[in-house]
Amino acid sequence: MASGVNKAIIVGNLGEDPKTSVLPQGGAVTNFSVATSESWKDKNTGQMQERTEWHRVVMFNRLAEVAGEYLSKGSKVYVEGKIQTRKWKDQSGQDRYTTEIVGSQMQMLDSKETKPQPQAQQAKELDDDLPF
């Protein structure tokens, strides 16, 4: 019998540029925040309401390198991973806790800035190089 499921899936926009660093053992680590928003119409006033949640995300190794290189503030991203709380000490020695999503999968959702050539144009260029 399974002991539980720890899985988080979010789709949102980066609130800051990712911060990438190298761990002492040599792997990369990248941290960034993702905003997810929901909106609804208030039943009492009829006004549209919106709520934004901020999620801390951390990624490791190759995924961290890709995130650090290709994501930037405002990027739309799909992140899948597990929720983890870690304990650390601040400068005054006080215990602090940070809850974050440890990303295991990522998909960049923004359209590419450089548009690919249409298929017909690519085929025409290939035909020009044929020797017959």
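This is a predicted model: local features need pLDDT of at least 70, side-chain atom pairs count only at pLDDT 80 or more; totals for chains, interfaces and linings use all residues.
Helix α1 spans residues 61-70. Its buried residues are A64, V66 and A67. These three cover an arc of only 165° around the helix axis, so they lie on the same side of α1. An α-helix has 3.6 residues a turn, so residues three or four places apart point the same way. The face turned away from the buried side carries R62 and E69, which are exposed. Strands contribute to the cover over the buried residues of α1. Among the covering elements are β2 (19-22) and β3 (28-41). Also included are β4 (48-60) and β6 (95-108).

Salt bridges were examined next. The structure holds nine of them. Side chains of opposite charge can pair when their charged atoms come close.

A second bridge pairs R56 with E16, and here the closest N and O atoms are 3.0 Å apart. This pair, too, links distant parts of the chain, its members being 40 residues apart. R56 lies in strand β4, and E16 lies in the loop between β1 and β2. Strand β4 is also among the elements that cover the buried residues of α1. R56 is partly exposed, with a relative accessible area of 33%. E16 counts as partly exposed as well, at 24% relative accessibility.

A further bridge is formed by D95 and K87, with 3.2 Å separating the closest N and O atoms. D95 is partly exposed, at a relative accessible area of 33%. K87 reaches 51% relative accessibility and so counts as exposed. Elsewhere, salt bridges with shared partners join E16, K19 and R56 into one network.

Technical notes: Residues are numbered from 1 along each chain as its sequence is written. Side-chain values use heavy atoms; hydrogens and water are left out. Buried means under 20% relative accessible area, exposed over 50%, partly exposed in between (1.4 Å probe, protein chains only). Helices (H or I, at least four residues) and strands (E, at least two) are DSSP runs, numbered from the N terminus. The arc is that of the directions from the helix axis to the C-beta atoms. Contact means heavy atoms within 4.5 Å. A salt bridge is a side-chain nitrogen of Lys or Arg within 4 Å of a carboxyl oxygen of Asp or Glu.
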